[in-house]
Amino acid sequence: MGDRFVLGGLRPRPVQLVAPLLLLAVLLAAVMAESQDYYNLLKVSRDATTREIRQAFKKLALTMHPDKNPGDASAHEKFLQVNRAYEVLKDEDLRKKYDKYGEKGLDEQQQGGRYESWNFYRYDFGIYDDDLEIITLDSGDFGKRRFSFSHLQTEANVSLSQWREFAKEMDGVLRIGAVNCGDNNHLCRSKGITSYPSLFVFRAGQRPEKFNGERSKDSLVHFSMKFITTTVTELRQGNVFSEIERAYLSGFSWLITFCSDTGDCLEPGTRQKVAGMLDGLVKVGWMDCASQEQLCGSFQVTSGATALFPPGSSLDQPGSVLWLNTLDSREIYNRVIDHLPDLELLTGDSFQRKLAHHRWLVSFTFGDRSPASNEYKKLQAFLRNDHIQVHVCLSVTFCVSFWLSVALCSGDSLIDSSFVALVCFSVPLTSVSVLSVGKDVLYNIVGFARDSVRAHVTTLRPDNFPSDRKEPWLVDFFAPWCPPCRALLPELRKASIQLAGQMKFGTLDCTIHQDLCSTYNIQAYPTTVIFNGSSIHEYEGQHSADGILEFIQDLVSPSVMVLDPSSFSERVKGRAEGQIWAVDFYAPWCGPCQALLPEWRRMARMLSGQILVGSVDCQRFQSFCQGQNVRAYPEIRLYPGNTRQSDRFMSYNGWNRDAHSLRSWALSSLPRASVDLTPESFRSLVLSGQDHWVLDFYAPWCGPCQHFAPEFETLARTLKGEVRAGKVDCQAHHQTCQSAGITAYPTVRFYPYLGTRRHEHSGEHINSRDADVIADIVRQRLQQLSPRLHSKRKDEL
């Protein structure tokens with residue numbers, strides 16, 4: 001095993017090691033056989049999706065839970081096994097480590113001896129898996145999905161029926177999501193969730209907005225509608241013909257509702273909802289027939305009605321205008337979508353005529369026409385500005401042969417029941433990306449197409465594999481049947497866009513090129529490797545664009561110092577007064593050590609400028625580590641800033657070894673940068689003082705407050721010299737917090753000094769628990785206030 005890792009990197013397997021490695025594989029298989037295979041425990045295939053894994057675990061939980069088996073003394077241990085299997089397989093990173101190393105690759109301290117009551121699995125777990133309108137979000141996919149709008153519902157399912165009715169009502173207008181905080185506690189903490197249920201609207205590039213109203217369908221709809229900004233045009237005598245002609249020239253139909261004292265007229269909210277659902281497909285307008293009676297008459301309308309007017313339609317031609325005898329927004333949407341022209345079918349003749357077009361998005365459907373075909377019509381609108389043409393290819397001889405060309409170019413051997421390929425033509429076929437479609441298909445396809453157009457990812461084969469290239473390459477070794485591989489592809493495309501010109505990206509299908517994958521000892525999918533000349537590094541972090549970029553940045557500018565006995569003595573033992581070191585003593589063959597590597601690097605970046613971070617390879621320097629009394633791996637130590645006892649250290653014995661937990665532990669050794677405030681100092685320093693303040697209102701018993709404490713200390717150090725930081729204990733000083741309007745813990749408030757005495761309610765609430773985000777918000781606010789503060793100073797002079 002020592003030949004596999006070279007300073008965290010990957011080395012090609014020498015030919016002479018084939019037999020020993022085969023023996024090792026047999027031994028590992030025997031070890032795995034002694035323990036229960038996690039996939040077998042849950043009764044799922046190795047390519048099961050997260051949703052399928054969750055459904056399988058729920059089915060087992062309802063029958064195997066100790067609450068349901070009170071007479072079985074082994075029920076607890078049996079349920080711990082399936083619970084552990086679920087905890088690992090639902091997590092993308094843990095699943096990959098398990099696939100690669102088995103249980104040996106998992107952190108032994110994270111075995112998970114805790115589970116919920118039977119009622120939790122019966123009533124609160126996986127509750128949205130059968131709801132087509134609601135997407136259950138996990139830690140891995142929450143950040144990856146492209147949400148124009150979404151809602152986040154947390155663990156306690158208050159007014160569940162109301163939430164489902166709301167989801168059905170707004171389906172197609174908003175994207176509806178749900179997060180179970182009992183199952184994804186870390187995700188909810190990172191989003192600042194303090195009570196259940198918490199409902200938020202997330203918009204791209206903007207801060208989330210929380211819903212605080214009555215939890216009823218009508219209140220939720222009213223709240224959400226203010227975020228639907230699609231234009232609904234009032235048509236009058238002065239603009240009607242110019243508006244209609246302009247739309248017709250651009251190929252748009254008009255959906256017009258005529259409002260009169262009699263008949264049916266769409267309410268303003270329904271108009272707005274329909275406009276949101278049909279955004280980019282048709283123009284939506286309304287006409288007041290009470291004030292525009294003659295104009296409505298020219299449309300042969302004498303009472304309230306709604307109609308679709310396609311380009312070139314005429315009232316003299318029956319059938320060219322679609323009259324809609326309904327007030328239901330979903331029914332209107334479905335009838336309009338059905339009436340719009342179908343996507344052009346791709347045939348041999350049209351293929352030849354359209355070769356000059358450089359970007360095609362083609363939907364391949366083998367068998368009957370896909371029910372998603374109508375939804376695909378929206379792709380025309382979404383991708384219009386990207387100059388991507390959308391076509392459908394059905395199960396005809398040409399399409400099958402065309403797909404074989406696509407598969408050859410893309411390296412994707414999978415032919416699914418329904419899939420989409422972005423085809424960039426230059427004759428011959430040169431660049432292809434493939435996406436298998438599923439739930440939430442439309443938004444996935446739009447993001448897939450846009451990223452594919454801008455991405456630079458090469459399909460690799462033995463003849464173009466970059467083993468001897470001088471320029472750096474990132475290669476993704478994958479298998480088409482592997483769900484994490486599918487999830488990684490869009491992240492690779494995003495990373496390739498951000499690193500264009502600095503690094504090349506490629507993918508290699510190991511089901512086709514098994515020998516080449518074996519050369520690099522690829523044991524699990526996906527495996528991502530960076531080739532940089534003679535250096536080879538295997539990526540062990542989270543499979544996301546941000547994670548990949550962090551890893552590459554760390555290769556260029558390492559955040560962790562590699563220590564040997566000499567540098568350890570000089571840098572760590574000989575550290576300057578006040579300097580703090582965190583050191584990881586590890587062995588390359590140790591599974592938990594490999595699992596820790598990406599988290600240790602991430603922690604080091606988070607501690608940059610505050611604590612120095614290093615690592616020691618105890619396989620290479622075995623006698624040195626023994627001399628330091630290192631007995632197990634990984635051994636994590638913190639050497640404090642007091643140099644009078646240079647050998648003194650603190651070992652990390654925490655339950656979690658993620659970057660955030662490790663950082664919190666390390667930061668606890670630093671001197672406080674914030675101050676504790678009493679009612680008197682709050683009034684004199686904050687309300688009556690002349691400094692800017694950022695305050696953390698907390699309660700000692702509050703779990704989220706304890707998690708936020710080190711983050712607030714990081715914020716205090718970040719803003720030192722610009723803004724003072726203070727903490728108010730709301731258990732000890734309840735009256736102060738009550739008068740300041742504090743209703744939840746922790747609460748972050750910014751109190752800027754504006755040149756006058758501040759009042760008790762003048763603090764500005766900051767809805768974040770991320771130090772960097774809060775610091776950015778405070779600095780932006782100071783910049784906004786700068787002219788006002790400068791004017792105050794001039795007046796004082």
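Close-up 1. Glu 550 is partly exposed, with a relative accessible area of 24%, whereas Arg 602 is buried at 16%. Buried stands for under 20% relative accessible area, exposed for over 50%, and partly exposed for values in between (1.4 Å probe, protein chains only). The model is predicted: local features need pLDDT of at least 70 and side-chain atom pairs count only at pLDDT 80 or more, while totals for chains, interfaces and linings use all residues. Residues are numbered from 1 along each chain as its sequence is written, and side-chain values use heavy atoms, with hydrogens and water left out. The side chains of Glu 550 and Arg 602 form a salt bridge with an N to O distance of 3.3 Å. This pair links helix α21 (residues 545–556), which holds Glu 550, to helix α23 (residues 591–606), which holds Arg 602, across 52 residues. A salt bridge is a side-chain nitrogen of Lys or Arg within 4 Å of a carboxyl oxygen of Asp or Glu; helices (H or I, at least four residues) and strands (E, at least two) are DSSP runs, numbered from the N terminus. Glu 550 and Arg 602 also belong to a network of salt bridges with Glu 599 and Arg 605.

**Close-up 2. The salt bridge of Arg 724 and Asp 691.** In this salt bridge, N and O are 3.7 Å apart. Arg 724 is in strand β29 (residues 724–729) and Asp 691 in the loop between α26 (679–687) and β28 (693–698), 33 residues apart. Both residues are partly exposed, Arg 724 at 36% relative accessibility and Asp 691 at 34%.

**Close-up 3. The aromatic pair of Phe 568 and Phe 624.** The search of the whole structure gives 31 aromatic pairs (ring centres of Phe, Tyr or Trp, the latter by its six-membered ring, within 6.5 Å; planes under 30 degrees apart are stacked, over 60 edge-to-face, the rest tilted). Phe 568 and Phe 624 make an edge-to-face pair, 5.3 Å from centre to centre with 70° between the planes. Phe 568 is in helix α22 and Phe 624 in helix α24 (residues 622–627), 56 residues apart. Both Phe 568 and Phe 624 are buried.

**Close-up 4. Charges over rings.** Arg 637 is placed over the face of Phe 585, 5.1 Å from the ring centre. Lys 727 is over the face of Tyr 698, at 4.6 Å from the ring centre. The rule asks for NZ of Lys or CZ of Arg within 6 Å of the ring centre and within 35 degrees of the ring normal.
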